[in-house]
Amino acid sequence: MTKNLRVKTSKFIDETYKISFKFNRTTYYGYKGDTLASALLANDVHLVGRSFKYHRPRGIMTAGSEEPNAIVQLHNNSARTEPNVRATEIEIYEGLEASSQNCWPSVNFDIGGINNFLSPVLPAGFYYKTFMWPASFWEKYEYFIRKSAGLGKSPTEPDPDIYEHKYIHCDVLVVGAGIAGILAAKTAAKNGFKTLLLDEKSYLGGSTIYQNIENHKINNQISNSWLEKEINEIKKLKNLEIKVRTSVAAFHGYNFLLARENLTDHLPLDQRKNKTRHRLLKIRAKKVIMATGSLERPLIFDNNDRPGILLSSAIEKYANLFGVACGEKGVLFTNNDSGYETAISLFQKGINIEAIIDNRENIDSKLIKEIEKNNIKVFKGYTVVNTSGYKRINNVSIMQLSKDGQKVVGPKLSIACDYLGISGGWTPAVHLFTQSGGKLKFRDEDQVFIPNIYSSDQISIGSCNGDFTLDEILSSIPNKLKEFLDLKKSDYDDLEVQSSFNKSKRNIWLLPSDKVIGKTKPFVDYQNDATAKDIKLALREGFRSIEHVKRYTTTGMGTDQGKLGNMHALGIISETAGSKMGELGTTTFRPPYTPLTFGTIVGRNVGEYFDIFRKTPIHEWHVQNKAEFENVGQWKRAWYYPKNGESMHNAVQRESKAARDSAGILDASTLGKIDIQGTDASEFLNRVYTNAWSKLAIGRCRYGLMLNEDGMVYDDGVTTRLDENHYIMTTTTGGAATVLGKLEDYLQTEWPELDVYLTSVTDHYATISVCGPNSKKIVSQVIPDLDFSDKSFPHMSFKNAKIDKIKCRVMRISFTGEQSYEINVQANYGKSVWEKCMEIGKEFNITPYGTETMHLLRAEKGFIIVGQDTDATMTPIDLQMDWIVSKKKYDFIGKRSLYRSDTIKEDRKQLVGLLTENPDEVLEEGAQIVADIKKSPIEMLGHVTSSYYSPNLKKSIALGVVRGGKNMIGHKLIIPMENKNINVTVADPVFLDKENKRINA
Amino acid sequence: MFVINCPYCGEREQSEFKAGGEAHIIRPKQPTELSDDEWAEYLFMRKNIKGVQFERWNHAHGCRKWFNVVRDTSNDAIKAVYKMGEKPPTY
Amino acid sequence: MKNKYSIFSLIKNAFSHHENWGMAWKDPAPKKEYDAVIIGGGGHGLATAYYLAKKHDMKNIAVVEKGWIGGGNTGRNTTIIRSNYLWDASAGLYDHALKIWEGLSQELNYNVMFSQRGVINLAHNLQDVRDLKRRTHANRLNGIDAVYLNTQEIKKFCPIINTSQDIRYPVLGGTLQRRAGTARHDAVAWGYARGADEMGVDIIQNCEVKGIKRNEDTVEGIETTKGFIKTKKIGVVAAGHSSVIANMAGLRLPLESKPLQALVSEPVKPVIDTVVMSNAVHAYVSQSDKGELVIGAGTDDYISYSQKGSHDIVEGTLNAILELYPIFSRMRMLRQWGGIVDICPDASPIISKTSIKGLYFNCGWGTGGFKATPGSGDLFAHTIANDEPHKLNAAFNINRFVSGDLVDEHGAAAVAH
């Protein structure tokens, strides 16, 4: 029978709005405003999960994003299920279903709990020392290790939710809406700064807003009511945007921050449809004010991890904000005055406190007096040495501390309880500050790291800056803000603050015990089960650096990233090693501050929006005519056009034959097109291509090969001289952008004296290539006014023309070895010109062909494809294209590299043709080529780069690169496949019409 | 992610730019007269400085202009930008 | 042997509450002189020292590390180990390493958790298919166990990959090397350190090199934050900082140091049992034994030593991850970090003598050095001890950038057409 521990109404909880939810299949009730943690506590449920390594029962420990233990699997649905959700963060909604993780069969009875009894042989890093025998067994050990590790379970279906990104530019970003953040946001916004205020919680005001004790007053009002008025005021400021449920994940350089705005996780499931789940805010802020607050430290003693042990501040928050008691018999253990604030809050709510254990001796403050007035027993100078209760704490053992705090003395007392609050003081939340490149300094008085050197235009204020008490915060903030924002005065210059908080703290990182440490389990990292003795073991074994200790013991590497225990780990290291804490440094706080959903980072860039796809102006025609498409770079290119369920092979054979027998048509619009103008255009081409350009006549076209400065072939294409100072260059489809970038680079940085202008016009033109013996008949009907006679319009020339008054450029160039015309027309006319060609070509059986046929046709002719027949290790000489390398030109890009000692070698890999012994055997592209299969190791001479069955030659043909291939024409070589060897003969790479009769026909 | 002050367009997000490596490596005027060693020095060898580096950037998704940046590579702080051909500032 | 590690020693030590374990390595002050000094206490440097001591009988050696051992790229990489490289020289180098990996835990008596769970490389376009087939054929002839898989076979081996043909860059096939896998990165550094220390190697941490002293063209020693150390042989294994050390010696290297990022998710129960790499969409993923998805992101294009990269790179990587594994959308990124990778123009390493006598460089591993750690250490030790490269690293000499005989693994993944 569960108890109801809801104690008193809280204005943050709507008791008229009851919500049912399931935890481990049991139905419970809570109210709107509850988190899963507060609702469970209200039902007296503390046991929530099992720890990572020892499978120890664990409960709710905190009330915020630092929670290490209470992490659950949310939703049962295989698409929406979510592992490792912090019960302290998730707001309950109707229909919520959560279950414990890392336990089997249940959180109450977990087989893995056996690890707790094996723990003596499972110290830090035990896995480095064992599982090595027998050698082949690691895979089997690993199988079990992996199964028992991990926490929750990954979804198994795609995520149905939507995520999005938003860019925000602001003058001032305030991170954290506690009292410091509220003051900062108001000051900035009222002074004309465009301000953004973010907080990860669902409400504003931080911990001040729910603290309701007489000891903290501002201008004679209790601090929470004063702050409430301020909050109401800032909501009206039009310069200020406020976002709650928004957690800043990362603080990068140049004040670039990422924040996750949670939009639907708190809504009932039926209200989430079609809504964006998370929004990733990409924020560029001119100035950043960090007001991220601080995290309460736990205390490190034997068995400090039992369900029912919570941070003292969490107990206070559950009582004040949620109206929930964490149990019926409470004990608080503190080393500072915060524990008493909790006690007073509990007392006010009528929640029982049995005793307060304070490790300070001779301590006095108004808060303590008030507690003692109410007959709550305070044990001063005592420490907790142990706790008991397997699945819920039922007892604490305490002993007196020696004067130096190094050991415990006197008799052991025992106090029965069902919850224990612990407070080890406060740690400024400097995680984001350090992410931004800020440097910390260590403050010895209270053993905290605080911001010291800022790397960008930002400040830290409030408790994240080490000002923990209300009077410290409010007295420092006005001046800091005025200086940071360059203001003369602020609204808060004359605040009257009353705060009675004794700032003394007795910091003992590892509390002494009556047992030897080896027999204790003082947890430092709760989730990963790293104890103080693990840290000491690491130090003993020579792991000195904090990073080594962290990695060896896994301290701070859980889903909470060590928000609670990292400081204690540092403290224990410095105490054990005798080094000063300030010198030890901290581990690096890595982004994100709290784990960030992949979907949030990705936003809308999923599915069809993963990458744009570029379509040619004729794309729709290809789709209508059932083309299959190939991805080339970002382009979709028609690959082949299967007719009546034809196979790819059959389609390509048909298309290839038609192109040679009569006419084929290709959409070549994807080829890169660069418009080159200027008085030095010819000189420019001379420098970027291997061949000479100055003498190219106007109206003529020339093929060019472009090298990298390392001498390797980079790109190729035909360039046409349109006018004296005007060229149009074509590039490969995939190379268009990089070629333009490279040309601009040389032009602007190496040859600024050249008068040349480059413009990408790839998308401006549609390019339609009509080839085949009947091509001339077709294009001369498409453009009847143009003289297509060979004399007037020979191969490698160009003419301006008009199709129905629309200007176009016609080039007679060929990549197939057939007579071929390329019509370039303004992109939006592309489809109609294509259709016109199709219509007119009908009588000649004009056949559309795709990239596969294009590849086949050019291979018959021995034309290379850069990127397929070359791989950035091929020079033009290797390609047997010596003819294109000008000997006369003084220089061109890559020229010098062609004459290095290794690039002039004769036995480099060279492009050759390959013919199979069996003409029907088609080689596999990528297959290796060898001369001798008996040799060991086998010497690979090269590989097959292109290979097809040629319907025109009625045999298999291939191109390949072969070491010394230039001089091997007629040699027999072998292609060793997995199950057979194929005999080939080295041949001339031009298989068809070496004399160029067809092109010039 | 940096904000880079393009000398032609003003401050823009880093994602609009492409880096072009070490600046002021002058392409030899007479490459054919260099030894293989000298050519390799130009082609491949780099200072790869940790500290203040003079480097090239291109406003690839903007004005397409190349320009120079002075940046401390140890912490990515940009110290100055200047146009191609301008005298480099001293650091 | 000190403190032999085994289940028995663990049980024995449990009785004394693990109070009696000895130091895995000592923390000595530097001596005045060593026969060789290795600059850089990452996996490669420690392995070099280990093999110098073990195979070349050089005991008076030191490893100097400016921070803590294994704290650079060794502790920051995504631990992928494979040897299915295209060129003979690369295949020889990486398979040499892979063979050592296979017995490394036993050799070091330190469980480096080498997990041969297989590595898949995906093809997303027709040229990828050609390239991967070419590589697989070459691998087979070089005795490397890579096979080509079609889309269905990929799906069978790793069911969570989205192999739908309707996605933007569908999976058209891929290669699988079964002997490939992952290892525990820290353990590699620590295991080699422990092994080297045992043979008398001094591992000197928090010792930054400030200068290299040379007499004409011969090295004489190094200036460090812990004083001058005399030595005739210096092996530099400083990864991203190689150029910094080279500049001290008046050398320039063909390197650029760039940010490379990686990230892990929160830990979950086993969901992916192999390593999947996709060059085309740029997504590498595996799952650590702890349960975290380990995801490699790309490099930024600018030089930086800040160990930070741009968010765009991380975002682009996760875009690709969700394209290939839509089920991971609700998984959460737990940590992201950056390393500094030293990249050669041909994307192959340098393991080489230099023009200065006694100065050796092992660098340029770019984004893929971890997998080579044992082989790199072994071959570099050979090169330092004999002042001559081993035949397996002869091709990775620094002179290739002069002669033009590059080992272009990078270029071999071809340019688009």
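Author: Here's how some of the labels on this predicted model come about.

Reader: Let's start inside. What makes a set of residues the largest nonpolar core?

Author: A core takes buried residues of nonpolar types such as Leu, Ile and Trp, joined through side-chain atoms within 4.5 Å. The largest set built that way has 210 residues, and those with the most contacts inside it include A:Leu36, A:Tyr318, C:Trp101 and C:Tyr192. Helix H5 (residues 179-190) of chain A gives the most to this core, eight residues. Another core, of 41 residues, lies apart from it, with A:Ala250 and C:Val314 among its members.

Reader: Which residues is C:Trp101 in contact with, leaving aside its neighbours within four places in sequence?

Author: Contact here takes heavy atoms within 4.5 Å. Among the residues that C:Trp101 reaches are C:Ile81, C:Phe114, C:Val188, C:Phe370 and C:Pro374.

Reader: Why is H9(C) said to be largely enclosed?

Author: Buried means under 20% relative accessible area. Twelve of the 14 residues of H9(C) are buried, so the rest of the structure largely encloses this helix. Among the buried ones are C:Ile313, C:Glu315, C:Asn319 and C:Leu322.

Reader: And how do you know what span to expect for helix H9 of chain C?

Author: You take 1.5 Å times one less than the number of residues. Helix H9 (residues 311-324) of chain C has 14 residues, which gives an expected 20 Å, and its first and last C-alpha are 20 Å apart.

Reader: On to the sheet in chain C: why do E1 and E10 stand at the edges?

Author: The order is E1-E12-E11-E10, an open sheet of four strands with mixed pairing. Strand E1 (33-34) and strand E10 (209-215) of chain C each have a single partner strand, so one side of each lacks a neighbour in the sheet.

Reader: What makes E11 and E12 of chain C a pair?

Author: Two strands pair if there are at least two bridges between them. E11 (residues 218-224) and E12 (residues 227-231) of chain C have four, in the antiparallel sense, so they qualify. For one bridge, C:Glu223 has C:Phe228 in E12(C) as its partner.

How values were computed:
Residues are numbered from 1 along each chain as its sequence is written. Chains are lettered from A and ligands numbered from 1 in the order in which they are written. This is a predicted model: local features need pLDDT of at least 70, side-chain atom pairs count only at pLDDT 80 or more; totals for chains, interfaces and linings use all residues. Side-chain values use heavy atoms; hydrogens and water are left out. Buried means under 20% relative accessible area, exposed over 50%, partly exposed in between (1.4 Å probe, protein chains only). Helices (H or I, at least four residues) and strands (E, at least two) are DSSP runs, numbered from the N terminus.
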